[in-house]
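Student: I have a structure open that I have not looked at before. Could you walk me through it?
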2 protein chains.
Amino acid sequence: MTQNRQRHPPMKQLETVAIVGVGLIGGSVGLALRHRGLARRVVGIGRSAESLKVAEEVGAVTSSTCDLVQGVADAELVIVCTPVEQIAGQVRQAAGACRERALITDAGSTKAQIVRGLDGQLPRGVRFVGSHPLAGSEKSGPATATPDLFEGRVVVVTPAGADASGDGCQEVREFWKALGARVVQMSPEEHDRALAVTSHLPHLVASALAAATPENCRPLTATGWADTTRVAAGDPELWTQIFSANRENVLAALADFESIVSALRAALEMRDARTLREILADAKQNRDAVGN
Amino acid sequence: MTQNRQRHPPMKQLETVAIVGVGLIGGSVGLALRHRGLARRVVGIGRSAESLKVAEEVGAVTSSTCDLVQGVADAELVIVCTPVEQIAGQVRQAAGACRERALITDAGSTKAQIVRGLDGQLPRGVRFVGSHPLAGSEKSGPATATPDLFEGRVVVVTPAGADASGDGCQEVREFWKALGARVVQMSPEEHDRALAVTSHLPHLVASALAAATPENCRPLTATGWADTTRVAAGDPELWTQIFSANRENVLAALADFESIVSALRAALEMRDARTLREILADAKQNRDAVGN
């Protein structure tokens, strides 16, 4: 993981940016671009005319279309913000229809499958560099978008090996920095291993907890339950795709988690207060180290 | 579970209330009593002179002492807000030293052990009725206390069988309502079964997640990890006591959770997207039903 703290010249204003998928993330990219004066035209591309209308109304895009080929035609930069299973196909489609040497990135929660599948495959000098802004939430849709969603958040940029020092990678880094994010760069595989631990496993566990709570217990939930299960309100289809795309890493992270749960269970069964206390102290140390 | 929605006459002002343990909960009880003009004198009792000084400084108590016997001498109402392993012993001690027919309650996170151990054991007509305000947090100490901590929160009142219709139970209910809480009444055993699911299990799982997060992954945590693990910052000793006091119920809740985790693991191993989606949808439904 490398974090470049050098000062760079600010991103030059872009003429046309296309955003494929105008939900929370895509809509927030559009709002941030427009609020910061970073793009003259922002074209929103989506399947639902209704969502596109909302995206226009909230000011996230300046125009919109359901036709990806037409929508990306003039774009210098295309950001694909759709569910992970759709990303690679839409990048290919966009690459065939956009300007020569255009730059494409995405906002998918998993990276190896997408980045490796596209590496060296795009025509006419079109460049793709994968990204993942760590700025999701259990909310969705363009009405939830905000211009400051990326402010101070980490965005992981995951070039394929050969692209790590290329100008495309540099431009994608500048793009996210211009939106207020802190950029971290690593390989797609490193990203997927780490995010299995920090995002996908917590989601799986929160969902199991929520699913394990019978209806008659709901009146006795308080902030602890609410916090611990919050992400379980996320879209089941999106998360099924994320778990499936990062299957091996999620299973490995889950195995580590389950072995700690087993240790806690054994300690409780054996009335071993000392081991309980040690594991809880270890957990507290890790939690306190992250803060807020 | 019964929730009494009848209107009652407001609680009469008390002359002297004693609070044993002036941390987040005890300190907030004191602040709420004083802000609402519900008690003329609030005596803080604790082991740490330093904490007692802070409790006086923030206005949670009007006087303080490290001597429980002396502290409860004039009290009509005693609230014991210490870790669960200390509560029963302190209730006995307070009962031997306070006024005849005084009323004692507590704020412990587990109830059966405490309530059953004290049932019929107190001298001179002193009454004990157990309580559990669902208003904890990962914070601790009197400096974190707030007068509105119980506003709109649920407090579970758990009388032993014979006390359920007694005047002590009614007075304890009135007391928490006067602090702004919604009171729910159930048996200590019902309470412990439900709280194992809604509070103790989430804490155990959050702690296992935090403990399973290696240091090098910390820079890639975002709001999802932060929410899901928040309670793991709680005091390891307090929570070791809670798990131990509610051992059987926590193990039962954990078994239910582990069987859902196993189902998720099996679905992921077998690339069974449909089952994944179904469990996540079930979780989302439960989470959405609770809100915020």
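This is a predicted model: local features need pLDDT of at least 70, side-chain atom pairs count only at pLDDT 80 or more; totals for chains, interfaces and linings use all residues.

Student: Okay, the contact first. How many residues does each chain put in?
Tutor: Chain B gives 77 residues to the contact, and chain A gives 77 residues.

Student: And how much area do chain B and chain A bury between them?
Tutor: Between them they bury about 7300 Å², and 70% of this is on carbon and sulfur atoms. On the chain B side, the residues that lose the most area to chain A are Leu220(B), Leu268(B) and Arg287(B), which together account for 11% of what that side buries.

Student: How many polar contacts and salt bridges are there across it?
Tutor: There are 26 residue pairs in polar contact between chain B and chain A, and 6 salt bridges cross the interface. One of the salt bridges joins Arg230(A) to Asp227(B), with the closest N and O atoms 3.5 Å apart.

Student: Which parts of chain B touch chain A?
Tutor: Several elements of chain B each supply at least two residues to that side, and they are strand 8 (154–158), helix 7 (188–211), helix 8 (223–229), helix 9 (236–245), helix 10 (247–269) and helix 11 (273–290). Sorted by class, the side of chain B that touches chain A has 47 nonpolar, 15 polar and 15 charged residues.

Student: What rotation superposes chain B on chain A?
Tutor: A rotation of 180°, with 0.0 Å of shift along its axis, places chain B on chain A with an RMSD of 0.0 Å. The two copies are therefore related as by a two-fold rotation axis. Both copies use the same surface, since 100% of the contact residues of chain B recur in chain A.

Student: Which residue of chain B comes closest to that axis?
Tutor: That is Thr228(B), whose C-alpha comes to 2.0 Å from the rotation axis.

Student: Switching topic, how many salt bridges are there over all chains?
Tutor: A search of the whole structure finds 32 salt bridges. As background, side chains of opposite charge can pair when their charged atoms come close.

Student: What does Arg40(B) pair with?
Tutor: Arg40(B) meets Glu15(B) in a salt bridge, at 3.3 Å from N to O. Arg40(B) belongs to strand 2 (residues 39–45) of chain B and Glu15(B) to strand 1 (residues 14–20) of chain B, so the pair ties together parts that are 25 residues apart in sequence. With a relative accessibility of 53%, Arg40(B) counts as exposed, whereas Glu15(B), at 40%, counts as partly exposed.

Student: And what about Arg127(B), which residue does it form a salt bridge with?
Tutor: Its partner is Glu171(B), and their closest N and O atoms are 3.2 Å apart. Arg127(B) is in strand 6 (residues 127–128) of chain B and Glu171(B) is in helix 6 (residues 167–178) of chain B, so this pair ties together parts that are 44 residues apart in sequence.

Student: Is Arg127(B) buried or exposed?
Tutor: Arg127(B) counts as buried because its relative accessibility is 14%, and buried means under 20%. Glu171(B), at 35%, counts as partly exposed.

Student: Which residues are linked in a network of salt bridges in chain A?
Tutor: Arg101(A), Arg127(A), Asp167(A) and Glu171(A) are linked in such a network. Arg101(A) sits in the loop between helix 4 (84–97) and strand 5 (103–106) of chain A, and its phi is near 65°, a positive value in a residue other than glycine. Arg101(A) is partly exposed, with 43% relative accessibility.

Student: Now Thr105(A), where does it lie?
Tutor: Thr105(A) lies in strand 5 of chain A, and with a relative accessible area of 0% Thr105(A) is buried. The side chains of Thr105(A) and Ser131(A) are joined by a polar contact of 2.6 Å. Leaving aside residues up to four places away in sequence, Thr105(A) touches several others, among them Val78(A), Phe128(A) and Trp176(A).

Student: Last one: where is Ser187(A)?
Tutor: Ser187(A) is in the loop between strand 9 (182–185) and helix 7 (188–211) of chain A, and at 23% relative accessible area Ser187(A) is partly exposed. A polar atom of the Ser187(A) side chain lies 3.0 Å from the backbone nitrogen of Glu190(A).

Notes: Residues are numbered from 1 along each chain as its sequence is written. Chains are lettered from A and ligands numbered from 1 in the order in which they are written. Side-chain values use heavy atoms; hydrogens and water are left out. Contact means heavy atoms within 4.5 Å. Buried area is the accessible area (1.4 Å probe) that two parts lose on being put together, summed over both. A salt bridge is a side-chain nitrogen of Lys or Arg within 4 Å of a carboxyl oxygen of Asp or Glu. A polar contact is a pair of N or O atoms within 3.5 Å; within protein, one must be able to donate a hydrogen and the other to accept it, and residues adjacent in sequence count only if both atoms are side-chain atoms. Helices (H or I, at least four residues) and strands (E, at least two) are DSSP runs, numbered from the N terminus. Ala, Val, Leu, Ile, Met, Phe, Trp, Tyr, Cys and Pro count as nonpolar, Asp, Glu, Lys and Arg as charged, and the others, Gly among them, as polar. Copies are superposed by least squares on the C-alpha atoms of residues with pLDDT of at least 70 in both. Buried means under 20% relative accessible area, exposed over 50%, partly exposed in between (1.4 Å probe, protein chains only).
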